[in-house]
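The following questions and answers examine selected features of a single protein model. Please consult the sequence and the structure while reading.

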Amino acid sequence: MAEDLLINKGTKEEQYLSLLPQIKGLLEGETDEIANLANIAAALKEQFGWFWVGFYLVKGDELVLGPFQGPVACTRIRMGRGVCGTSWKEAKTLIVPDVEKFPGHIACSSLSKSEIVVPIFRNGTVIGVLDVDADQLNQFDTTDQRFLEEIMNLLAPVGFTRRVQEG
Ligand code: SME
């Protein structure tokens, strides 16, 4: 496993294309989920420099804060609350260009301006979400969605099936 990340300075797509095999390398041979989530958060933060990158994991009827990089954050989010809780409830990726316009957004930090939340599926069920916050508006698009979903799919064990999205 390589322990130094090579940082790409190209377009967003080039950055993801450079990062993806490195993340695969980081996960290779490691089965501990917390270790893998921690390294994914660190790799994304190091490559893109986003304000906050981290995971919330489903525990009972709540999301609970998992490994992350960035300022301290709220620890528990109920299903359907905020962007993370809505992504969990709807089992789909949400891109929020301006968090202040998202009804019920949970402001862990007033510096967070835009956000993308990507669910992690296991056997068709959401087991957690990746939450990425930027300190500028409009930072996320379908390129982020495509690659971040691909990265989340790396976490799925054999037997994983992605829930078919409708609409
Ligand atoms: N903004 C999130 C809460 C988590 S923090 O931003 C880290 C939300 O509304 O779900």
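Q: Is Y16 buried or exposed in this predicted model?
A: The relative accessibility of Y16 is 1%. Buried means under 20% relative accessible area, so at this value Y16 counts as buried.

Q: Why is the pair of Y16 and F147 stacked?
A: The ring centres of Y16 and F147 lie 4.8 Å apart. Planes under 30 degrees apart count as stacked. The planes of Y16 and F147 meet at 5 degrees, so the pair is stacked.

Q: Which parts does the pair of Y16 and F147 tie together, and how many residues apart are they in sequence?
A: Y16 belongs to helix α1, whereas F147 belongs to helix α4. The pair therefore ties together parts whose separation in sequence is 131 residues.

Q: Against which helices do the buried residues of α1 pack?
A: Helix α1 covers residues 12–27, and its buried residues include Y16, L19, I23 and L27. The buried residues of α1 pack against α2 (33–48) and α4 (142–153).

Q: What percentage of the ligand's accessible area does the protein cover?
A: The ligand is surrounded by 13 residues. Oxygen atoms of the ligand lie 2.7 Å from a backbone N or O atom of C84 and 2.6 Å from a side-chain N or O atom of D133. Of the 310 Å² of accessible area that the ligand has on its own, the protein covers 98%.

Key. Residues numbered from 1 in each chain as written. Predicted model: local features only at pLDDT ≥ 70, side-chain atom pairs only at ≥ 80, totals over all residues. Heavy atoms only, no water. Helix = DSSP H or I, 4+ residues; strand = E, 2+ residues; numbered from the N terminus. Expected span 1.5 Å × (residues − 1). Buried < 20%, exposed > 50% of the residue type's maximum accessible area, 1.4 Å probe, protein only. Contact = heavy atoms within 4.5 Å. Near = heavy atom within 4 Å. Polar contact = N/O pair within 3.5 Å; in protein donor to acceptor, adjacent residues only side chain to side chain. Areas by Shrake-Rupley, 256 points an atom, 1.4 Å probe, with all protein chains shown as cover. Phe/Tyr/Trp six-rings, centres within 6.5 Å; stacked < 30°, edge-to-face > 60°.
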